[in-house]
Amino acid sequence: MKKLSLEARKRRQPLQFLLPWMLGTLVFFLLPALYALAISFSDLKNPSTLEMTFAGLSHYHHALFVDTGFVVYLLEILKRTLTQTPVIVLFSLFIAILLNRRFPGRGVFRTLFFLPVVLGTGFVMQQLTAQGVQQDAMSVVSSLILQDDVVLYLGEKGTGFVRSFLELLTQVFWRSGVQIVIFLAGLQKIPSQLYEAARIDSANSWEMLWYVTLPLISPMILLNTVYTFVDSFTDAQNPVIELIDYLMFTYAQFEYAAAAGWIYFLLIAVILTLVFLLLRPLVRGTEM
């Protein structure tokens, strides 16, 4: 057997690292997705054996034109995502710029901003939601800010606006940990010599932000925007996923749930494609 050269072995190393991910994607994503696609065009006679008869687009038609609740949930999650994503990205960038500066206790603040990421995943998040911890924290903050005198001064509409703003702020803080880490990684790769050269040219902090910092971290802005969209769309608590789980595990409507899932997947794919096409021209190809 011919022995591989050192260069050939080096070329195979990336494939060895990618192989577990490729096998996992094939077994746990592609095959179930193809089964779900086949089921969405069929009527199941026997779910245990996946015995199916072709049903055409009837389940897709039912989701889009008969079940009005599904469309309402789609519009709701779309509105929430389009509203929260720019705020989360801007907030994450602002906090990352602050945390990139040297000041006492910087490590503690970095941990505090990343802590919701650890608490907001999997079983921990389910328990916090079930016990109403996040809602209780929001109620405490609202009660501290919206005292009786403040409520009387703002009125019903003003109080409602402040409550909505505080709720949005809570969601933004809860979902910005990963984005802050990504922005911090990008900021720390910017050579300090660029800022020194900018100061020599009499640039102020605002000009250095626009002409040095933002162009060099533009790939991270695109990455964080796409990540925030995906994080919002795949949140287990969003109404569309809750509806799909409800249809599948409560009423065993596997065909309709599969069709709804594929409609949701295609909507996400279209939106992410549009986001990438709109933001990609703004990304600088500068090597840091």
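Contact here means heavy atoms within 4.5 Å. That is the sense I use throughout. One caution before the details: this is a predicted model.

What covers them? As for geometry, helix 11 has 16 residues, so at 1.5 Å a residue it should span 22 Å. Its end C-alpha atoms are 23 Å apart, which agrees.

Now the wider picture. The protein has 13 helices and two strands. Of its 288 residues, 31% are buried. The exposed surface comes to about 19,100 Å², and 68% of that is supplied by carbon and sulfur atoms. Looking at contacts with a separation of 6 or more, 66% are between residues 24 or more positions apart.

Next, the nonpolar cores. The largest one has 24 residues. Those with the most contacts inside it are Phe 70, Leu 74, Phe 229, Phe 233, Val 240, Ile 263 and Tyr 264. Two or more residues come from each of helix 2 (58–66), helix 3 (68–99), helix 11 (218–233), helix 12 (239–249) and helix 13 (254–279). Helix 13 gives the most, with eleven residues.

Neighbours within four places in sequence aside, which residues is Tyr 264 in contact with? They are Leu 74, Ile 77, Phe 233, Asn 238, Val 240 and Ile 241. There is also a second, separate core, of 18 residues, and it includes Val 89, Ala 96, Leu 214 and Ile 217.

Is Ser 40 buried or exposed? Its relative accessible area is 0%, and buried means under 20%, so Ser 40 is buried. The Ser 40 side chain reaches the backbone oxygen of Leu 37 at 2.6 Å. Leaving out residues up to four places away in sequence, Ser 40 touches Gly 56, His 59, Tyr 60, Glu 255, Ala 258 and Ala 259.

That is what I have on this model.

Note on methods:
Residues numbered from 1 in each chain as written. Predicted model: local features only at pLDDT ≥ 70, side-chain atom pairs only at ≥ 80, totals over all residues. Heavy atoms only, no water. Core = buried A, V, L, I, M, F, W, Y, C linked by side-chain atoms within 4.5 Å. Buried < 20%, exposed > 50% of the residue type's maximum accessible area, 1.4 Å probe, protein only. Helix = DSSP H or I, 4+ residues; strand = E, 2+ residues; numbered from the N terminus. Areas by Shrake-Rupley, 256 points an atom, 1.4 Å probe, with all protein chains shown as cover. Expected span 1.5 Å × (residues − 1). Polar contact = N/O pair within 3.5 Å; in protein donor to acceptor, adjacent residues only side chain to side chain.
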